[in-house]
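Have a look at the fold first, then read on.

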Amino acid sequence: MVVLTACELFVIGGSVRQPVVEISQRTSVGVVHLFKAELDSNNTAAATELVIHGSGRKLLAIEKYDMRDEMARWQRLLSTKPITSYTIDTVDAATHDVEAVFDRIRYVRFSTKLVQDAWFITKIADARP
């Protein structure tokens, strides 16, 4: 009679998985995923609608028009790259900073704000680890 046993010495790529995120404006991380989905869909106009002024007011039409090049730049940088992890820093009850890691390479910080039961992005910036 032969009995063989084995154990796992190490796991390559094993990590704690982030919980499933609802792609909506109900949460701060959800609006980041929604923004990314709009960029992936080549819909920079809809992605711009998710951005508001730092004070909480909606952007004027001219401000949205001026953001076209910036949205196209973010689309080139983030399109087709999955969000591999994220962290949420709570500034206050209505303001969160979400740092998202795209394809384990690019770190981007999104400042988000809660306005009338919906989360919006107020600022997008590269974040270096």
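## Around Ile-124

Leaving out residues up to four places away in sequence, Ile-124 touches Phe-35, Met-71, Trp-74, Val-108, Arg-109 and Phe-110. Contact here means heavy atoms within 4.5 Å.

Before going further, a word on what you're looking at: this is a predicted model, where local features need pLDDT of at least 70, side-chain atom pairs count only at pLDDT 80 or more, and totals for chains, interfaces and linings use all residues. Residues are numbered from 1 along each chain as its sequence is written, and side-chain values use heavy atoms, with hydrogens and water left out.

## The nonpolar core

Which residues touch the most other members of the largest nonpolar core? They are Phe-35, Phe-110 and Ile-124, out of 25 residues in that core. The elements that each supply at least two of its residues are α1 (28–40), α4 (68–78), β1 (83–92), β2 (95–102), β3 (106–115) and β4 (118–126). Helix α1 gives the most, with six residues.

Some bookkeeping on the terms. A nonpolar core is a set of buried Ala, Val, Leu, Ile, Met, Phe, Trp, Tyr and Cys residues joined through side-chain atoms within 4.5 Å. Buried is under 20% relative accessible area, exposed is over 50%, and partly exposed is in between, using a 1.4 Å probe and protein chains only. Helices (H or I, at least four residues) and strands (E, at least two) are DSSP runs, numbered from the N terminus. As background, nonpolar side chains tend to be buried together in soluble globular proteins.

## Salt bridges

How many salt bridges are there? The count comes to eight, taking a salt bridge as a side-chain nitrogen of Lys or Arg within 4 Å of a carboxyl oxygen of Asp or Glu. One of them joins the side chains of Asp-40 and Lys-36, at 2.6 Å from N to O. These two are separated by about one helical turn because they sit four residues apart in helix α1. Lys-36 counts as buried at 7% relative accessibility, while Asp-40 is partly exposed at 39%.

Arg-109 and Glu-99 meet at 3.0 Å, N to O. That pair links distant parts of the chain, with Glu-99 in strand β2 and Arg-109 in strand β3, 10 residues apart. The side chains of Arg-109 and Asp-97 form a salt bridge at 4.0 Å, N to O. This pair also links distant parts of the chain, with Arg-109 in β3 and Asp-97 in β2, 12 residues apart.

## Out on a loop

Is Arg-104 buried or exposed? With a relative accessible area of 66%, Arg-104 is exposed. Its place is in the loop between β2 and β3. The C-alpha atoms of Arg-104 and Lys-81 are separated by 9.2 Å, though the two residues are 23 apart along the chain.
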